[in-house]
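Please read the following report alongside the sequence and the coordinates.

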Amino acid sequence: MRIAFASDDENETTRAVVEALAAAGHEIVRPGDAGNWPDLGRFVGQAVVDGRADYGVVMCWTGTGTAIAANKVPGVRAALAWDPWIAKGARLWNDANVLAMSLKRLAPDVAVEVLQAFLDTAEPDPDEAANIAAIERP
Ligand SMILES: O=C(CO)[C@H](O)[C@H](O)COP(=O)(O)O
């Protein structure tokens, strides 16, 4: 798959996520220039909505700022996740199309497990279709 990825800082955790994406054979879509977390979140959200990426992954110290910025792009459903169950639920019950993670609070192996749970959950629960559609209402 094509995965848009941006992080406003780099450490062992962000490197582990990028390495896991590459090792799984995903094409990684990255912003050309480094930017602040609002621009990076927006970049990833826009890449998903434009169809340049199938899913997005955003990281910042908390994960919250890039998630909020990505969610400002109409059509983005960015979810902050800190364990695999939350990430799987975000796909199943929210049809999240952007995963947000804290680069400060997740150990590298945990971040990779969260990423894999997110990407391995292909289809949302059909029972949630009405709720997911309702998110788009202004
Ligand atoms: O977690 C974040 C936003 O939610 C940022 O990573 C954190 O605030 C640091 O940003 P900056 O370097 O621009 O001060």
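The text below takes up the ligand shell, then the aromatic and charge–ring contacts.

This is a predicted model, in which local features need pLDDT of at least 70 and side-chain atom pairs count only at pLDDT 80 or more, whereas totals for chains, interfaces and linings use all residues. Residues are numbered from 1 along each chain as its sequence is written, and side-chain values use heavy atoms, with hydrogens and water left out.

Around the ligand (a heavy atom within 4 Å) are Asp8, Trp37, Cys60, Trp61, Thr62, Thr64 and Gly65. The table gives polar contacts, meaning pairs of N or O atoms within 3.5 Å.

| Residue | Atom of the residue | Distance to a ligand oxygen atom |
|---|---|---|
| Asp8 | polar side-chain atom | 2.6 Å |
| Trp61 | backbone N or O atom | 2.9 Å |
| Thr62 | side-chain N or O atom | 2.8 Å |

The protein covers 61% of the 370 Å² of accessible area that the ligand has on its own (Shrake-Rupley method, 1.4 Å probe).

Lys104 lies over the face of Trp61, at 4.6 Å from the ring centre (NZ of Lys within 6 Å of the centre and within 35 degrees of the ring normal).

There are two aromatic pairs in the structure (ring centres within 6.5 Å). One of them joins Tyr55 and Phe118 edge-to-face, at 5.9 Å centre to centre and 80° between the planes, where edge-to-face requires over 60 degrees. Because Tyr55 belongs to strand E3 (residues 55–60) and Phe118 to helix H5 (residues 108–120), the pair ties together parts that are 63 residues apart in sequence; helices are DSSP runs of at least four residues and strands of at least two. Both Tyr55 and Phe118 are buried (under 20% relative accessible area, 1.4 Å probe, protein chains only).

How values were computed:
A polar contact is a pair of N or O atoms within 3.5 Å; within protein, one must be able to donate a hydrogen and the other to accept it, and residues adjacent in sequence count only if both atoms are side-chain atoms. Rings of Phe, Tyr and Trp (its six-membered ring) pair if their centres lie within 6.5 Å; planes under 30 degrees apart count as stacked, over 60 as edge-to-face and the rest as tilted. Buried means under 20% relative accessible area, exposed over 50%, partly exposed in between (1.4 Å probe, protein chains only).
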